[in-house]
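Subject: Structure for your files

Hello,

Here is the structure you will be working with.

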Amino acid sequence: MAGLTKKEKTFCVEFVSTGDISKAERVSDLSGRGKALMCRKDICDELQRLSKIQSKSLEMIARAGLKRLAIGGVSDAVRLIFLDNPSGVELDSLDLFNISEIRRKGDSTEIKFFDRFKALEKLLEGSRNDESSTPFYDALIKCADSLANDNDGD
């Protein structure tokens, strides 16, 4: 918003990010002015604008995470099984995003993964509700519906 000062914009960004008026005041160097700022229409408009952006960003992050769970690789998890006492550097280099649980007992390692089918269902569910779904997702929806109908007849 053009009419806001740099400090007011910083306040708005911090408040939307944390929901903490006191922290937003400190970060923006506007101590004691947060409650008064929250009563201004231009500040409220900016908070609403930023909230919409944040919501859309979180939605995109969630979709990306679901995609990684649904179709991500498992080679790094398999590599983890064969590592003896891996260092922090080794662990940091592995993509273990799709692992829900790791148990190590003596010489054995048990790895549980997130449910790929549930992640795919969530992705499809979201694309059904999204007016801007792509042909790829439309094809996945048709495939999932077809499989569900085939299973109903069993």
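This is a predicted model: local features need pLDDT of at least 70, side-chain atom pairs count only at pLDDT 80 or more; totals for chains, interfaces and linings use all residues.

Cysteines

How many disulfides are there? The count comes to zero. The sulfur closest to that of Cys39 among the cysteines belongs to Cys44, and it is 7.2 Å away. Seen from Cys44, the nearest cysteine sulfur is that of Cys39. As for accessibility, Cys39 is exposed, at a relative accessible area of 68%, while Cys44 is partly exposed, at 34%.

Nonpolar cores

Which residues make up the largest nonpolar core? There are eleven: Leu4, Phe11, Cys12, Phe15, Val16, Ala24, Leu30, Leu37, Ile43, Leu47 and Leu50. Two helices, α1 (6-18) and α4 (41-71), each contribute at least two residues to this core. The largest share is that of α1, with four residues. In soluble globular proteins, nonpolar side chains tend to be buried together.

Another core lies apart from this one and has six residues, including Ala77, Leu80, Ile99 and Ile111.

Leaving out residues up to four places away in sequence, Leu30 touches Lys7, Glu8, Phe11, Glu25 and Leu37.

Lys6

Is Lys6 buried or exposed? Lys6 is exposed, with 70% relative accessible area. Lys6 belongs to helix α1. In sequence, Lys6 and Ser28 are 22 residues apart; in space, their C-alpha atoms are 8.4 Å apart.

Surface patch

Which residues form the nonpolar patch on the surface? The patch consists of Val74, Val78, Ile81, Phe82 and Phe113, and together they have about 450 Å² of accessible area. Phe113 sits in strand β2, which covers residues 108-113. With a relative accessibility of 37%, Phe113 is classed as partly exposed.

When you look through the model, you could begin with the cysteines and then turn to the cores and the patch.

Regards

Note on methods
Residues are numbered from 1 along each chain as its sequence is written. Side-chain values use heavy atoms; hydrogens and water are left out. A disulfide is a pair of cysteine sulfur atoms within 2.5 Å. Buried means under 20% relative accessible area, exposed over 50%, partly exposed in between (1.4 Å probe, protein chains only). A nonpolar core is a set of buried Ala, Val, Leu, Ile, Met, Phe, Trp, Tyr and Cys residues joined through side-chain atoms within 4.5 Å. Contact means heavy atoms within 4.5 Å. Patches are made of residues with over 30% relative accessible area and no salt bridge: like charges are joined within 9 Å, nonpolar side chains (Val, Leu, Ile, Met, Phe, Trp, Tyr) within 5 Å. Accessible areas come from the Shrake-Rupley method with a 1.4 Å probe; for residues, only the protein chains shown count as cover. A salt bridge is a side-chain nitrogen of Lys or Arg within 4 Å of a carboxyl oxygen of Asp or Glu.
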